[in-house]
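The following exercises are to be worked with the sequence and the structure at hand. Each task is followed by a solution in steps.

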Amino acid sequence: MANPNLTDMTEEDAADLQFPKDCSLSRTEKLEHDIELDVTVVKDEIITSDPTCHICKSALTEPYIRCAVCDNTELCPSCFSNGSEIGDHKNYHDYIIIKNEFPLINGSGWTAKQELEFLDVLQECGFGNWVDMAKRMQGKSAEECRNHYLQHYIDNQTLPGLPKIKETKASLFGCEPIPYLFKLQDLEEPPRFASNTLNCKLLAGYCPARSDFEVNFDNHAELLISDLNYDEFDLNDDNCELGKALQVAIVQAYNNRLKERMRRRKIIHDHGLIAFRRTISWIQRYECTITRTFAERLLIFMQLMGGIEFDYFMEGLHRAGELKNYLNKLFEFRNNGLKYFHSVVMFQKLSKLRQENERERKQYLNNPEYSWKTILPGCNTSSNNSIMNTVSQRKAAPPLAIKGLPGYEKLTAAEKELCSVTRIVPTNYLDFKQLLIGENKKNGSLRLAQARVLLKIDVNKTRKIYDFLAEKGYISKPNQ
């Protein structure tokens, strides 16, 4: 009988395996021919990472048996319980039960089997997808999966062989982040273009050699001191001290105006605002992220920052705008029922086709030749055509581009469309909305005439805002 002192097995494990010591010799004789074949092909055996049974060649899963006497001899529970022998291995050899139901990390409460399953699920679902991982881990919640991984694999790496990860910019971002690349030589000297070129003509009034302008800021500041005379006051005059103090004050005022001129010139030089075309193209770069309107409002901060600092500031907002646009696309896809990225291409193609069909439909409906009114009995075609021509001459105002304007983010999709169609700035709409809602709370209801008195804008715009708020339930119309 095998010596159990050399193994870690328990009595319950031995009872489950039901090792038969009274195996028949016919079984051993039957395997002798197979043993000889295995010995002849052992040199051609392919070694894999997963252990296989030496008897039936099946892949082993825990628990399985490993012989304590023979080297690299593992058996599946079925072959072991049948008392199978192969080569030098006999069924009376000492054995070890290989199982993964033991705790791999002290104090974690997770077995080695659960750890292996957890790592496999982590690879399939991806880091951070704790909800889906918890669905595949029996008896584990999403919070338990997250805390276990962060505690034992990231913060306190108790398992040997795990790589030590230091929190550096390279480890967090994959590479050293470079938010903006710039060339110092662009800021060293003002641009000097060849004479008689288009760029040189655009810089008319600027002298690159002196870094000066023909017409400076506050160009008439010298008129303050143009009429000053140093010996204008007599020393014996009682008003001499007062006059000299007045002259000094005028000179100080002139010096302050010169300092303001130099400050503005330095801002233009440091931020590269001399080339007008380059400045306009630089602002247009942020059209889809920061929006041009908001970017022009931020130019006032140039006087508080240096050139490189302001570029860092704008690039940070630009990056945030890119992420925001990407999230808006994901929200749009999710709102349209898309759950997988491979469906996006088909969705975009169908959306483009739908827009083209909608545009063709509008063109078809606007054509007076295909109007259903022309086929009515007693309809005068000539008069209708004249009416259509007069109506077509008066085109409706195009929608207002409100994206990026102050208050745009506070609007719902329906409110954005309302402001764009009625050409109302978002901040003004929000003020009108709060005003009408407040008046509605005071009186319990609100009439259209009262709304017109409160808003004091175009009556058509007032009616649209009033009808919209009443439809959405913000205000209530009086009972007729």
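Helices, as the term is used here, are DSSP runs of H or I with at least four residues, numbered from the N terminus. The model is predicted.

**Exercise 1. Determine the span of helix α13, identify its buried residues and state what follows the helix.**

Step 1. Helix α13 comprises residues 307–335, 29 residues in total. The expected span is 1.5 Å times one less than the number of residues, and for α13 this gives 42 Å. The reach from the first C-alpha to the last is 42 Å, close to that expectation.

Step 2. The buried positions in α13 are G307, F310, D311, M314, E315, H318, G321 and F333. Their cover includes helices α10 (240–270), α11 (276–284), α12 (292–298) and α14 (344–366).

Step 3. After α13 comes G337, with a positive phi near 90 degrees.

**Exercise 2. Decide whether Q247 is buried or exposed, and list its contacts.**

Step 1. Q247 is located in helix α10.

Step 2. Buried means under 20% relative accessible area. Q247 has 11% relative accessibility and therefore counts as buried.

Step 3. Leaving aside residues up to four places away in sequence, Q247 touches L228, N229, Y230, E232 and F233.

**Exercise 3. Classify the ring pairs Y149–Y153 and W282–Y286.**

Step 1. Planes under 30 degrees apart count as stacked, and those over 60 as edge-to-face. For Y149 and Y153, the planes are 15 degrees apart and the centres 5.4 Å apart: the pair is stacked.

Step 2. Y149 and Y153 are 4 residues apart in helix α6 (residues 142–155), which means about one helical turn separates them.

Step 3. W282 and Y286 have ring centres 5.7 Å apart and planes at 85 degrees, so this pair is edge-to-face. Both W282 and Y286 are buried.

Step 4. Y149 and Y153 also belong to a cluster that ring pairs form with W110, F118 and W130.

Conventions:
Residues numbered from 1 in each chain as written. Predicted model: local features only at pLDDT ≥ 70, side-chain atom pairs only at ≥ 80, totals over all residues. Heavy atoms only, no water. Helix = DSSP H or I, 4+ residues; strand = E, 2+ residues; numbered from the N terminus. Buried < 20%, exposed > 50% of the residue type's maximum accessible area, 1.4 Å probe, protein only. Contact = heavy atoms within 4.5 Å. Phe/Tyr/Trp six-rings, centres within 6.5 Å; stacked < 30°, edge-to-face > 60°.
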